[in-house]
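Please read them beside the sequence and the structure.

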Amino acid sequence: MLAQSVRSTLTPRAAVSAVRGFSAMASPQKFAIYRYDPDQQAKPFLQEYTIDLKTCGPMILDALIKVKDEVDPTLTFRRSCREGICGSCAMNINGKNGLACLLYIEPSSKPIEIQPLPHTYVVKDLVPDLTNFYNQYKSIEPWLKRKDVKAKGDAEYFQSREDMVPDLTNFYNQYKSIEPWLKRKDVKAKGDAEYFQSREDMVPDLTNFYNQYKSIEPWLKRKDVKAKGDAEYFQSREDMVPDLTNFYNQYK
């Protein structure tokens, strides 16, 4: 990992403007981004940028886009889907490889260091050369292959309507064999009318449930039980306000 001093290309007037902009930021965050331009014939270095997180999206990719759009249009990087699928924005962030569109910005007093993928040649800035990767990918051929391969120059394989609609006959036969449904004790004869659900069938009998519930008595019980026929228990204002003297004594 590079550990070179940060280079500054700001003129004195631009530096004053940058200081004023930094002081006006609500939530400034520094980013140390790898820079390399093959046309300049210069060594790679880390350039530091400061952006306001209050005006930026939550992802590392949002910060890179903000830097390119508003600070330094010469910054170069790859991006495409922004959904963690294509892998275009893969890079090394704070020493770990990941996708910039999926990694959140974690505010820190130290600059967030962003570099291209390690062990790859760099085309420019954060853009790695993927030629070797695609050659290796092609060599293992990770795709489905047909048994009957068409001759070179033939037309593409076209999918017919029958190919698009799967044959589920075997699935339904297996499903029917295990009979995964409720079964009635009194089975109607073949040809009889359908079973109709009455209003009584739709309302379950909960008598047994309430009897069991009552037997375990899952409620608070008073020490002084009122006699049968007495009035209801009424809660006084003193009962509603708990006595916290013991609590405060323990707390103190």
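1. R82 is partly exposed, because its relative accessibility is 40% and the partly exposed class lies between buried (under 20% relative accessible area) and exposed (over 50%), with a 1.4 Å probe and protein chains only. R82 forms a salt bridge with D62, with 2.4 Å between the closest N and O atoms; the term denotes a side-chain nitrogen of Lys or Arg within 4 Å of a carboxyl oxygen of Asp or Glu. This pair joins distant parts of the chain, 20 residues apart: R82 belongs to the loop between helix 2 and strand 3, and D62 to helix 2. D62 is buried, its relative accessible area being 13%.

2. The model is predicted; local features require pLDDT of at least 70 and side-chain atom pairs pLDDT 80 or more, whereas totals for chains, interfaces and linings use all residues. Residues are numbered from 1 along each chain as its sequence is written, and side-chain values rest on heavy atoms, without hydrogens and water.

3. Helix 2 covers residues 60–71, and its end C-alpha atoms are 15 Å apart, in agreement with the 16 Å that twelve residues should span at 1.5 Å a residue. The expected span is 1.5 Å times one less than the number of residues. Helices (H or I, at least four residues) and strands (E, at least two) are DSSP runs numbered from the N terminus.

4. Which residues of helix 2 are buried? They are I60, L61, D62, A63, L64, I65, K66 and V67. The buried residues of this helix pack against strand 1 (28–35), strand 2 (45–52), strand 3 (90–93) and strand 5 (112–115), where contact means heavy atoms within 4.5 Å.

5. E70 is exposed, with a relative accessible area of 59%, while K66 is buried at 12%.

6. Seven salt bridges are present in the structure. A network of them links R35, D72 and D125. Another joins the side chains of E141 and K145, at 2.4 Å from N to O; E141 is partly exposed at 34% relative accessible area, and K145 is exposed at 54% relative accessibility.

7. The search of the whole structure finds nine aromatic pairs. One of them, F247 with Y251, is stacked, at 6.1 Å centre to centre and 25° between the planes. Rings of Phe, Tyr and Trp (its six-membered ring) pair if their centres lie within 6.5 Å; planes under 30 degrees apart count as stacked, over 60 as edge-to-face and the rest as tilted. F247 is partly exposed at 46% relative accessibility, and Y251 is exposed at 69%.

8. Ring pairs also link F171, Y172, Y175 and W181 into a cluster. These residues, together with L168 and I178, form a nonpolar surface patch of about 670 Å² accessible area. I178 lies in helix 5 (residues 169–178) and counts as exposed, at 59% relative accessibility. Patches take residues with over 30% relative accessible area and no salt bridge, joining like charges within 9 Å and nonpolar side chains (Val, Leu, Ile, Met, Phe, Trp, Tyr) within 5 Å. Accessible areas come from the Shrake-Rupley method with a 1.4 Å probe; for residues, only the protein chains shown count as cover.
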